[in-house]
Amino acid sequence: MTDQEDRILRLEETVAHQARIIEELSDQLTEQWKVVEQARAKLDRLTERFLSLEEQSLEAPAITRPPHY
């Protein structure tokens with residue numbers, strides 16, 4: 001094998017390795033994005049719940065002194 005053929009072979013191996021790594025990183029990014037979207041949806045639900053509870057507490061009757069005071 002000539003030096004040029006050896007060099008081409010090493011370059012092809014490097015490109016194949018990098019392509020595999022890029023694919024793995026893309027898969028990991030996709031999975032992480034799903035986790036982020038789930039967390040965002042959960043945060044939205046909790047925010048709505050909190051606002052609803054806060055609104056209900058504002059509608060509660062005012063605390064008054066008991067009649068024996």
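**Entry 1: Arg-40 and its partner**

I began with Arg-40, which is partly exposed, with a relative accessible area of 43%. The model I consulted is a predicted one. I then asked which residue forms a salt bridge with Arg-40. The partner is Glu-37, and the closest N and O atoms of the pair are 3.1 Å apart. I looked up the accessibility of Glu-37 as well: its relative accessible area is 31%, so I recorded Glu-37 as partly exposed. Both Arg-40 and Glu-37 belong to helix α1, where 3 residues, about one turn of the helix, separate them.

**Entry 2: Other salt bridges**

I next asked how many salt bridges a search of the whole structure finds. The search gives 4. I examined two further pairs.

Arg-20 forms a salt bridge with Glu-24, with 2.9 Å between the closest N and O atoms. I noted that these two residues are 4 residues apart in helix α1, so about one helical turn lies between Arg-20 and Glu-24. Arg-20 has a relative accessible area of 43% and is therefore partly exposed. Glu-24, at 37% relative accessibility, also counts as partly exposed.

Glu-31 forms a salt bridge with Lys-34, and here the closest N and O atoms are 3.4 Å apart. The spacing in helix α1 is 3 residues, which means that Glu-31 and Lys-34 are separated by about one helical turn. For Glu-31 I recorded 46% relative accessibility, which counts as partly exposed. For Lys-34 the value is 45%, and this residue is likewise partly exposed.

**Entry 3: The chain as a whole**

I then turned to the elements of the chain. I found 1 helix and 0 strands. The radius of gyration is 31 Å, well over the 11 Å that the globule rule gives for 69 residues, so the chain is more spread out than a compact globule. I also looked up the box filled by the C-alpha atoms, which is roughly 105 × 20 × 10 Å along the principal axes.

What share of the 69 residues is buried? I recorded 0%. A residue is called buried when its relative accessible area is under 20%. The accessible surface of the chain comes to about 7,000 Å², and carbon and sulfur atoms account for 58% of that surface.

**Entry 4: Asp-44 and distances along the chain**

Asp-44 is found in helix α1, which covers residues 3-59. Its relative accessibility is 42%, so Asp-44 counts as partly exposed.

How far apart in space are Asp-44 and Leu-9? From C-alpha to C-alpha I found 52 Å, while in sequence the two residues are 35 residues apart.

I then asked where Pro-66 is placed. Pro-66 is in the segment after α1. At 33% relative accessibility, Pro-66 counts as partly exposed. Along the chain, Pro-66 and Asp-44 are 22 residues apart, and their C-alpha atoms are separated by 40 Å.

**Entry 5: Review**

The chain holds 1 helix, and its radius of gyration is well over the value from the globule rule. Helix α1 contains the pair Arg-20 and Glu-24, the pair Glu-31 and Lys-34, and the pair Arg-40 and Glu-37. Pro-66, by contrast, I had placed in the segment after α1.

Conventions. Residues numbered from 1 in each chain as written. Predicted model: local features only at pLDDT ≥ 70, side-chain atom pairs only at ≥ 80, totals over all residues. Heavy atoms only, no water. Rg over C-alpha atoms; globule rule 2.2 N^0.38 Å. Buried < 20%, exposed > 50% of the residue type's maximum accessible area, 1.4 Å probe, protein only. Areas by Shrake-Rupley, 256 points an atom, 1.4 Å probe, with all protein chains shown as cover. Salt bridge = Lys/Arg side-chain N within 4 Å of Asp/Glu carboxyl O.
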